[in-house]
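Hi,

Here is the structure I promised to pass on. Please have a look at it first, and then read my notes below.

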Amino acid sequence: MTRDPIADLRRIAFLLERANEATYRVRAFRSAASALAALPAAEVAQRARAGKLTELAGVGDVTARCVAESLAGEEPVYLRRLLATEGTDLDAEASRLRAALRGDCHTHSDWSDGGSPIEEMALAAVELGHEYLVLTDHSPRLKVARGLTADRLRRQLDHVAQLNEALPEGFRILTGIEVDILADGSLDQEEELLARLDVVVGSVHSGLNDDRAKMTRRMLTAVANPHLDILGHCTGRMVSSRPAGVTGPGDRGHRARTRPESDFDADAVFAACVENRTAVEINSRPERQDPPKRLIRRALEAGCLFAIDTDAHAPGQLDWQRFGCERAARCGVPADRVINTWTATDLTAWTTP
Ligand SMILES: [Zn+2]
Ligand SMILES: [Zn+2]
């Protein structure tokens, strides 16, 4: 069965426009459609076979992939994802996702670079209706964010155990860390501690300009680590500087300039996440919006689980989950693929190897 790749590209552009997506994204599909329409069909097919579509002005990696899939008689994955959300009320879908969330797996306190004590974060989470809050302060190497040494983390674990005694029935602070993924892919904390924690989020905070091969190796090594549960803000991009209205110490480690995505083989990393049961974080911070939607779609297609987290550095930021839910809904992420829709018991059973 044959498909018309140009019609598929135009269909995608139309659906993106209707969903009010960014103009540059729509233009990518319209430009590719025009570039291909100017060529004989046989040449398009020949170039697709030879992997030479991207040599044409106006055709990029994403559009070339769509054309290749289309010529192979398959509905392009990108189109399939758009159609999956077509006709659904995305606002309603985002609300349903938000309502399904029982907790937050990435948060900071004033033990590292957050602005508030742990108990204030916990009480705000209770107010939001959460059943749990995973406390994930930074690891030692992130000195600018007052990353916790092993000793301080041990003290924090004792402190959290005490706090949990006093918190309302049905709510629990889960222990965790946002551990730095070091240059060689190892994790910046003692193995024994990583094993003890309920949830381990691992993020790249340094060497974000590593070349593609190095960054891919680094991330694959981290994902293969049995202690890693969630891959945090995987591209490291910053789409805007500090969000409006956010000031003060609550954000020190995340003070932002804009920053491009780091370069890695996303398909290889997402496949490794599936294989090693590592969830991909959908980071809700407005200045991060990480991963970008095209990568959320690819992770979804690969079969990944997700965690929709705020990366809150202050109590009010715990309410930012809504932003992550909107992005997830646009990509068609179903609630049953999101680990923080699970109960604390199911979540911690999943994170325990
Ligand atoms: Zn981070
Ligand atoms: Zn963080």
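How far apart do the end C-alpha atoms of residues 103–183 lie, and how much of the span is helix and how much strand? The end C-alpha atoms are 31 Å apart, and the span is 33% helix and 22% strand. UniProt, in an unreviewed entry, annotates residues 103–183 as "domain: Polymerase/histidinol phosphatase N-terminal"; positions are given in the numbering used here, feature names are shortened, and such annotations may be inferred rather than shown by experiment.

A word on conventions. This is a predicted model, in which local features need pLDDT of at least 70 and side-chain atom pairs count only at pLDDT 80 or more, while totals for chains, interfaces and linings use all residues. Residues are numbered from 1 along each chain as its sequence is written, chains are lettered from A and ligands numbered from 1 in the order in which they are written, and side-chain values use heavy atoms, with hydrogens and water left out.

Now to the metal site. Glu178 (OE), His205 (NE2) and His233 (NE2) coordinate the zinc ion (ligand 1) at 2.1 to 2.2 Å. Donors here are N, O and S atoms within 2.8 Å of the metal (3.2 Å for Na, K and Ca); water is not among the atoms, so sites may look incomplete. Glu178 also coordinates the zinc ion (ligand 2), which is 3.4 Å from ligand 1. Glu178 sits in strand β3 (residues 172–180) and His205 in the loop between β4 (199–203) and α10 (212–224), so this pair, 27 residues apart, links distant parts of the chain. Helices (H or I, at least four residues) and strands (E, at least two) are DSSP runs, numbered from the N terminus.

Glu178 is buried, at 0% relative accessible area, and His205 also counts as buried, at 19%. Buried means under 20% relative accessible area, exposed over 50% and partly exposed in between (1.4 Å probe, protein chains only). In β3, eight of the nine residues are buried.

What does β3 pair with? Strand β2 (residues 132–135) pairs with β3 in the parallel sense over four bridges, and β3 pairs with β4, also in the parallel sense, over five bridges. Two strands pair if DSSP finds at least two bridges between them. Tyr132 has Arg172 in β3 as its bridge partner, and Gly176 has Val199 in β4.

Best wishes
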